[in-house]
Amino acid sequence: MALQATSSFSIHKEACLKESSIFGAPLSTHVKVDFTSSSKSKKEFSQRGALRTQAVATPTPTANRASTDGKKTLRKGTVIITGASSGLGLATAKSLAESGKWHVIMACRDFLKAERAAKSSGMTKENYSVMHLDLSSLDSVRQFVANFKQSGQSLDVLVCNAAVYLPTAKEPTYTADGFELSVGTNHLGHFLLARLLLDDLKQSDYPSKRLIIVGSITGNTNTLAGNVPPKANLGDMRGLAGGLNGLNSSTMIDGGDFDGAKAYKDSKVCNMLMMQEFHRRYHEETGITFASLYPGCIATTGLFREHIPLFRLLFPPFQKYITKGYVSEEESGKRLAQVVSDPSLTKSGVYWSWNNKSASFENELSEEASDVSKARKVWEISEKLVGLA
Ligand code: NDP
Ligand code: PMR
């Protein structure tokens, strides 16, 4: 109900006479829109001034609109991408914005950096806006969601992409709420965000609504890359249950000593488990596609900024010429954009990967990353930590 409550406009779906199929999902064709009070919503929104969006948010009307020849065309979709100020997120934002079919909301912690990145990558104003989101603060996540709901836009796809990787940290650092920073940001921040925006996705009338969470090969111990120490391992999750705060609990999910590289890999396991748990709990009821992916090794991104200089120098050629796992930022952006909008990638519960000819395929997750009881446990502990249970 959030959309109706916050946007002051209502969508009445009449009995649909015909079901057409776009993106493999049934699509109701008879939709009537009442915009009578939308101007009030826009006024209220601009008076507040707290919302740091670029463009004035326009309520998204219906999934279809009539074109001049009378045929229905798909309206522009709205996609939120976290961490769209660099690397994979930026490349995906660019790819979707350029298609002209998407309005991209770049959900970023550094507003100016995101704005500059969008401009320098040639994105045009009508195709994107920037909203402030710091995933390392649960208050910021809640504020972002409140701002988004207030804007009256519909949400068609959410992409949980942002991450931090702290492989050289000797000591743990913490989020505003006192969780170890990598799991706190990459997993818990996204978990709260996705849970709070689920209703908006449910209410979208877009034919294929999706929640995408970026995973990684390095969290999957059924691969060579996933066996490079330190390996991901959630153990019995005693550290997570204790709040990862380093006071009365360990900073690591499995209760062990702090290791920044392992914390990142553990957070990716949580991301992949979270996607599957969402699928099991909500796919049938909502029709939302829940998916994860490994976009390839994008060895040049800011993710490795905290690594030693020698690593940053050697990692790209190592991945290009030895493992052959390297992909450019541009190519990885096209891959994630596919998972957002390609009509052939609507299957839910899938972990997508690409072969060396850049063709997508459904990949297998490791035993731990596909463990049903671990997924439920991560979900239940996480909802307590973020204040949802
Ligand atoms: P980047 O560092 O380029 O991008 C990460 C983004 O996350 C940045 O925009 C960063 O913002 C943002 N971010 C970090 N912390 C926060 C926060 N607290 N709140 C909001 N945003 C935040 O790395 P990549 O593009 O490589 O990473 C993107 C995703 O791809 C990650 O999920 C990563 O795990 C995954 N991935 C990457 C691989 C690779 O080889 N690079 C391989 C497999 C998966 P800012 O710009 O302000 O720093
Ligand atoms: Mg890895 C096919 C082999 C392969 C692939 C696809 C990756 C991807 N890596 C592979 C192999 C190896 N790596 C091998 C054999 C080694 C030992 C020399 C190795 C090492 C290594 C290090 C030290 N690799 C790394 C690191 C990192 O710090 C990166 C990491 O784990 O970040 C969490 C990393 C990565 N290797 C990859 C990918 C995609 C990464 C970045 C991981 C990610 O973002 O999730």
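**Notes on the two ligand sites and their surroundings**

1. Starting with ligand 2: sorted by class, its shell has twelve nonpolar, five polar and one charged residues. (Here Ala, Val, Leu, Ile, Met, Phe, Trp, Tyr, Cys and Pro count as nonpolar, Asp, Glu, Lys and Arg as charged, and the others, Gly among them, as polar.) Keep in mind that this is a predicted model, where local features need pLDDT of at least 70, side-chain atom pairs count only at pLDDT 80 or more, and totals for chains, interfaces and linings use all residues. As for bookkeeping, residues are numbered from 1 along each chain as its sequence is written, chains are lettered from A and ligands numbered from 1 in the order in which they are written, and side-chain values use heavy atoms, with hydrogens and water left out.

2. Who sits around ligand 2? The shell holds 18 residues, and the closest are Tyr165, Ser216, Thr218, Tyr264 and Leu303. (A residue is near a molecule if one of its heavy atoms lies within 4 Å of it.) Helix 9 (309–323) gives the largest share of this shell, five residues. Helix 8 and helix 9 each supply at least two. (Helices are DSSP runs of H or I with at least four residues, strands are runs of E with at least two, and both are numbered from the N terminus.)

3. Threonine 218 brings a polar side-chain atom to 2.7 Å from a ligand 2 oxygen, and histidine 307 has one at 3.3 Å from an oxygen of ligand 2. (A polar contact is a pair of N or O atoms within 3.5 Å; within protein, one must be able to donate a hydrogen and the other to accept it, and residues adjacent in sequence count only if both atoms are side-chain atoms.)

4. On to ligand 1. It is surrounded by 32 residues, with Ser85, Lys113, Asn161, Tyr264 and Thr301 the closest. By class, that shell splits into 14 nonpolar, twelve polar and six charged residues. Tyr264 is among the closest residues of ligand 1 and also among those of ligand 2.

5. For the polar contacts of ligand 1, lysine 268 puts a polar side-chain atom 2.8 Å from a ligand oxygen, and arginine 305 puts one 2.9 Å from an oxygen of ligand 1. A polar backbone atom of serine 136 is 3.5 Å from a nitrogen atom of ligand 1. Taken alone, ligand 1 exposes 890 Å², and the protein buries 98% of that. (Accessible areas come from the Shrake-Rupley method with a 1.4 Å probe; for residues, only the protein chains shown count as cover.) The elements giving two or more residues to this shell are helix 3 (87–99) and helix 8.

6. Now the aromatics. How many aromatic pairs are there? The count comes to eleven. (Rings of Phe, Tyr and Trp, the last by its six-membered ring, pair if their centres lie within 6.5 Å; planes under 30 degrees apart count as stacked, over 60 as edge-to-face and the rest as tilted.) Phenylalanine 278 and phenylalanine 290 make a stacked pair, 5.4 Å centre to centre with 15° between the planes. The pair links distant parts of the chain, helix 8 and strand 12 (residues 289–293), twelve residues apart. Phenylalanine 278 is buried at 0% relative accessibility, and phenylalanine 290 is buried at 1%. (Buried means under 20% relative accessible area, exposed over 50%, partly exposed in between, with a 1.4 Å probe and protein chains only.)

7. Phenylalanine 304 and phenylalanine 311 form a tilted pair, 5.9 Å centre to centre and 50° between the planes. Phenylalanine 304 is buried at 11%, whereas phenylalanine 311 is partly exposed at 22%.

8. Some backbone points to check by eye. A cis peptide bond joins proline 229 and proline 230, with omega about -5°; proline 230 is in the loop between strand 11 (210–214) and helix 7 (238–241). Leucine 244, a residue other than glycine, has a positive phi near 50° and is buried at 0%. Lysine 324 also has a positive phi, near 60°, but is exposed at 61%.

9. Last, the cysteines. The whole structure has zero disulfides (a disulfide is a pair of cysteine sulfur atoms within 2.5 Å). For cysteine 108, the nearest cysteine sulfur is that of cysteine 160, 13 Å away. Cysteine 108 is buried at 1% relative accessibility.
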